[in-house]
Amino acid sequence: MNSLPLSAIAMLIFGATVLYGGLVYFLYRALKASKKC
Amino acid sequence: MIDISKEEIKEQHWHSRSAFVMAAIASAVGLGNVWRFPYIAAKSGGGAFLIAYFIALFTAGIPLLILEFSLGHMSRGSPPTAFAKTVGKKWEWAGWFTVFAPFLITLYYIVVIAWCFSYMLYSLDLRWGANAEGFFLSNFLGLTSGPEILGGIRIPVLIGLIMLWFLIFVILYKGVGRIGKICLILVPVSTIFLVIMVVRGLTLPGAIEGISYYLTPNFSALLNYEVWLSAYAQVFFSVGVAMGIMITYAAFLPRKSDLSNNAFITGLADAGTSFFAAFAVFSIIGYLSFSSGIGIENLGIAGPHLAFVTYPTGISLLPFAAAAFGMIFYIALQMVGITSAFSMVEPISNSVNMKWRVSKTKATAIVCVIGFFASLIFATGSGMHWLQILDHFVADFALVIIGLMECIILGYVYKLYRLRQHANDVSDFRIGRWWDVLIKFVTPVILIFILAVAFYENIRAPYMGFPVWVILVGGVLPIVAIFLLSFVFMKVKGKEVEVKE
């Protein structure tokens, strides 16, 4: 096997989007609110 | 009511929002992210498991984080104080039970970090040689044939324990202010180390097969209820709830703090670390499978076996800089481990400090000394046996019972909407009634189900075939003891202290 199956690539994109996309979104909201704590 | 001095208040508050968030993430991210999540994901449908995991994260993990943040922040106290002040004085025991459980975990968790310390040094000359399993079990642990044969105390583990308990004391005795500073350094550094491991792993032959084993989805697994139970259990154990940590940490936030957003950031960062760490694990496992010709399914890919047998074997086979990568791996494990370990000691140290007005230094010293002596049993030749038993019972029963207890007490005895209102009053975005439904119905039902399955399996056959008396002494007795001790601590008269800004 030389490359990842398409289904694995799809799950990789799905996982990364939900987790890191979500994290970036909430960090962005936190920065936007620019609360001290 | 006695107030804390201004100096103590300064030391016992987070210096910034990022310090609090980093500390919460550091607490949630632990050894389980590296050696439990990848294994659970791979055996529970691969990539399809992510669907169940995300649903569990958003319906149980993050709502429970919001619950604990709100309780700590609203009550401005340690878990016993939080339960006493919000629900009622007679519920103070629930807070004590909540802080005793993570202290039990720390007793053996810290021993595993001590193993990592030794292995970091052993990486220099790859001392485990060609037989990593024999080296780990016989040479290093001196594992006895059964838990009843204690064997001697292992000196390398003892040295690690002394250093680690002292380190925990130094980090904790000044209050959460220092925890924040430490986490602001350790979280980014451990992440960088993890990135190095992933990049190195992905450039090895066979890595793609490992990643494929991890991510290729088997959607039919989602029809199996055990996969859903695994997902909820993994989220529950991973995000660091039911241990009093998040209640304690949130007590030291300023009045105007974004609780809901912080909960989402913490939950997603924890899950994101698990997802990412799996690439470091499966790329090396794929390489090891490629090099040795052994199928991935036949290699140990979970728990101590992964970290101290499979991974070292893979490291030994690296074409260059094997020692350096070995050191990086064990330093990263120590970093994620120690940040979780001190977060599990802080709730009890803080609770003693608050209830009896003992100085934070004295409270931390008492807890660390007791912890050191109690953890010695796990540094003996039979330590691995006792560790497995206690870990199994605390994780499968104590933490689930505490989570369930929190949902029931705060959901039914207390008026849950008050906590929601409090979170909404101080947070950037509002949470709706859906949160009440999750805390009062969805999460308790799932936790009862997890508990019932665990209970059935333990009744059906003794855990790992250990004798019944060993299971009673090593698993059941400690949990019963901390439960009873919770009532004793509640009854002992204290001096109430409130955290003020």
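User: Where does α15(B) bend, and which proline follows?

Analyst: The bend at a residue is the angle between axes fitted to the seven residues ending there and the seven starting there. In this predicted model, where local features need pLDDT of at least 70, side-chain atom pairs count only at pLDDT 80 or more, and totals for chains, interfaces and linings use all residues, α15(B) bends by about 30° at Thr310(B), and the proline Pro312(B) follows within four residues. Residues are numbered from 1 along each chain as its sequence is written, while chains are lettered from A and ligands numbered from 1 in the order in which they are written. Helices (H or I, at least four residues) and strands (E, at least two) are DSSP runs, numbered from the N terminus.

User: How many residues of α15(B) are buried, and what do they pack against?

Analyst: A residue is buried if 20 or more other C-beta atoms lie within 10 Å of its own, exposed if 12 or fewer, and partly exposed in between, with the C-beta atoms placed from the backbone. By that count α15(B) is mostly covered, with 10 of its 14 residues buried, including Phe308(B), Thr310(B) and Pro312(B). Contact between two residues is defined by C-beta atoms, placed from the backbone, that lie within 7 Å. The buried residues of α15(B) pack against α3 (31–35), α7 (92–122), α8 (132–140), α14 and α16 (322–356) of chain B.

User: Where is the kink in α16(B), and how many of its residues are buried?

Analyst: The kink in α16(B), about 25°, lies at Glu346(B), shortly before the proline Pro347(B). Arg357(B), with a positive phi near 60°, follows α16(B).

User: Which residues other than glycine have a positive phi in the loops?

Analyst: One of them is Leu126(B), with phi near 45°, in the loop between α7 and α8 of chain B. Leu126(B) counts as partly exposed, because it has 16 C-beta neighbours inside 10 Å. Another is Ala321(B), which is not a glycine and has a positive phi of about 55°, and which sits in the loop between α15 and α16 of chain B. Ala321(B) counts as exposed, because it has 12 C-beta neighbours inside 10 Å.

User: Is Ser486(B) buried or exposed, and what does it touch?

Analyst: Ser486(B), in helix α21 (residues 468–491) of chain B, is buried, because 21 other C-beta atoms lie within 10 Å. Leaving out residues up to four places away in sequence, Ser486(B) touches Trp93(B), Trp96(B), Phe97(B) and Phe100(B). By contrast, Tyr456(B), which is found in helix α20 (residues 434–460) of chain B, is exposed, with 9 other C-beta atoms within 10 Å.

User: How do α5(B) and α6(B) cross?

Analyst: Two packed helices are described by the angle between their axes and the distance between the axes. Axes are lines fitted to C-alpha atoms, for helices over the stretch in contact, and angles run from 0 to 180 degrees between N-to-C directions. The axes of α5(B) and α6(B), the latter made of residues 79–86, come within 9 Å and cross at roughly 80°. The two helices are therefore roughly perpendicular (65 to 115 degrees, whereas under 35 is roughly parallel, over 145 roughly antiparallel and the rest oblique). Leu71(B), Gly72(B), Met74(B) and Ser75(B) in α5(B) meet Thr81(B), Ala82(B), Lys85(B) and Thr86(B) in α6(B).

User: How many residues does each chain give to the contact between chain A and chain B?

Analyst: Chain B gives 28 residues and chain A gives 24 residues. On the side of chain B that touches chain A, the largest share, eight residues, comes from α14(B).
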